[in-house]
Structure formats: C-alpha cells, structure tokens
Amino acid sequence: MANEAQPCPCDIGHKIEYGGLGHEVQIEHIKAYVSQPPSKTDKAVIVVQDIFGWELPNTRYIVDMIAANGYTAICPDFFVGKEPWHPSNDWSTFEEWRKTRNPRNTDKEASVILKYLKEKCHAQRIGIVGFCWGGIVVHDLMMQYPELKAGVSVYGIIRDSEDVYSLKNPTLFIFAENDAIIPLEQVTLLTQKLKEHCKVDYQIKVFPGQTHGFVHRQREDWNPQDKPHIEAARKDLINWLNKYI
C-alpha cells in the first residue's frame, strides 16, 4: 500500500532468505532492529517498513546496507505489535487492516525513535528512508520534523492533502514506471506541486520498466534487465543520504 487513494495490498515479490547483521532492541513501547556501521558515527538513518512489517528480511537487508555506508540504521516496528499484512490474507479485509495502521499517524513512534538515536546512539544528524507504506510515512514526517535532515520516500505517495509540498528538508522520491498502485499521473501531480511550492531541495526519479517494490522486494538476479535499475536506485538512496546528512 503506497497510495492512499488506491489502498490495495501489493505483491510481496521476492522474500529473500537473510538473517541480518544487526540485533533487536526494545525502545519504550517499540521493538526495533538496529544495525551498526563499521566505525563510530554521529549519523543515523531510520528505515520505515512496508506493509509486510519490520521483520521482513528484505527490509533488514536494506538496513544493513545503509549501516555499511556509515550510519547507525534502525528499523522500528511502526505497527507497534500489530500484525503486518500477510500475502495469504484475504484482500477483501485489507481496508479494515489499513485503518488501524495509518501512515500519517506515526508521530509518537517517530519522537521515541529520534530521542533514542540522540540520547543512546549520540546521533547528531538523522535521516529517514521508507518503502511503500513507509514511503508515505517518510513523506509525512519530512513535513513535520526539521531534525530529519534528509528523506528518501520509495514508492510511497500522499495524495489526499494539499500540503504535500511543505517539506522541511531535502527529500528524494523514487517511483517505478509500471507501478500498478501509483499511476504516473499521481507522480506528475506531485512533481507539479513541489515545483510550484517546495522551498527545499527535492528530486523525483522514475525508473523505466520497473514495478512496485523493485528497490527492496525484487532479487537483483531475477531479470538481468532490471538489475541496473535496482542497483541505481539503491545507489541514489545512499548518495542522497550522504549529500544531506
């Protein structure tokens, strides 16, 4: 679910087998997966899950990738113990499931995680990355928290609000050309809104031939034609964080 106007569950894609290099912690009422960089740092990145939850191996792989690039990386359970969506669930129940997991109502959890990163991890510069449901979270939080120095929203879009352009700090939006959930018309509208009103740096990238979930839920070796786009999107993600954090 990366589009509030068309909240249908998306395909989990390739669920990879991956154990992770980090560890789980309890932060007040939130469980989280934390991965540490090779050397000490004062930079941190929050990674926000998709509808399949904070324990999805694919997402933890991205957390570890970000950590390997010099950040304390953390993936909190923004569902706060509520069950993630499962591919075997009945799609007709998705709307009810979604109502109790509003991606524009994560302020309490975001504040707890920011406090943890500042006080326990000594982070002075913090960014945020999110996928699908988490991409909407990123878009929303980047309009609220000036301490988030950089944001990367990956196939997530807010469409039911006029304030989509009021970003506090630089934000990168990554989309797929053939996304069945986010039509290109919505990306075009977002582009127009930001061009007219946004006062900070932003970038919108649409990857040709790609589908929803390609950055973190598609194996690089599945289709040789897709591999360069997957790698490029991940590189863009890291470069954006490096530039602004």
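Contact, in this presentation, means heavy atoms within 4.5 Å. Helices (H or I, at least four residues) and strands (E, at least two) are DSSP runs, numbered from the N terminus.

Colleagues, the structure before you is a predicted model, in which local features need pLDDT of at least 70 and side-chain atom pairs count only at pLDDT 80 or more, while totals for chains, interfaces and linings use all residues. Residues are numbered from 1 along each chain as its sequence is written, and side-chain values use heavy atoms, with hydrogens and water left out.

I begin with helix H4, residues 133–141. Nine of its nine residues are buried, where buried means under 20% relative accessible area with a 1.4 Å probe, protein chains only. Among them are Trp133, His139 and Asp140. What do the buried residues of H4 pack against? Their partners are strand E3 (43–48), helix H3 (107–119), helix H5 (184–197) and the strands E5, E6 and E7.

I turn now to the aromatic rings. Rings of Phe, Tyr and Trp (its six-membered ring) pair if their centres lie within 6.5 Å; planes under 30 degrees apart count as stacked, over 60 as edge-to-face and the rest as tilted. The structure holds 10 such pairs. One of them joins Trp85 and Trp97 edge-to-face, at 5.7 Å centre to centre and 75 degrees between the planes. Trp85 sits in the loop between strand E4 (72–76) and helix H2 (94–99), and Trp97 in helix H2, 12 residues apart. Trp85 is buried, with a relative accessible area of 2%; Trp97 is also buried, at 10%.

A further pair is formed by Phe131 and Tyr155: the ring centres are 6.3 Å apart and the planes stand at 50 degrees, so this pair is tilted. Phe131 belongs to strand E5 (residues 125–131) and Tyr155 to the loop between strand E6 (148–154) and strand E7 (171–176), so the pair ties together parts 24 residues apart in sequence. Both residues are buried.

Finally, helix packing. Helix H1 (residues 57–68) and helix H6 (residues 227–244) pack at about 45 degrees, with axes 11 Å apart; axes are lines fitted to C-alpha atoms, for helices over the stretch in contact, and angles run from 0 to 180 degrees between N-to-C directions. Tyr61, Ile62, Met65 and Ile66 of H1 meet Arg234, Leu237, Ile238 and Leu241 of H6.

Methods. Buried < 20%, exposed > 50% of the residue type's maximum accessible area, 1.4 Å probe, protein only.
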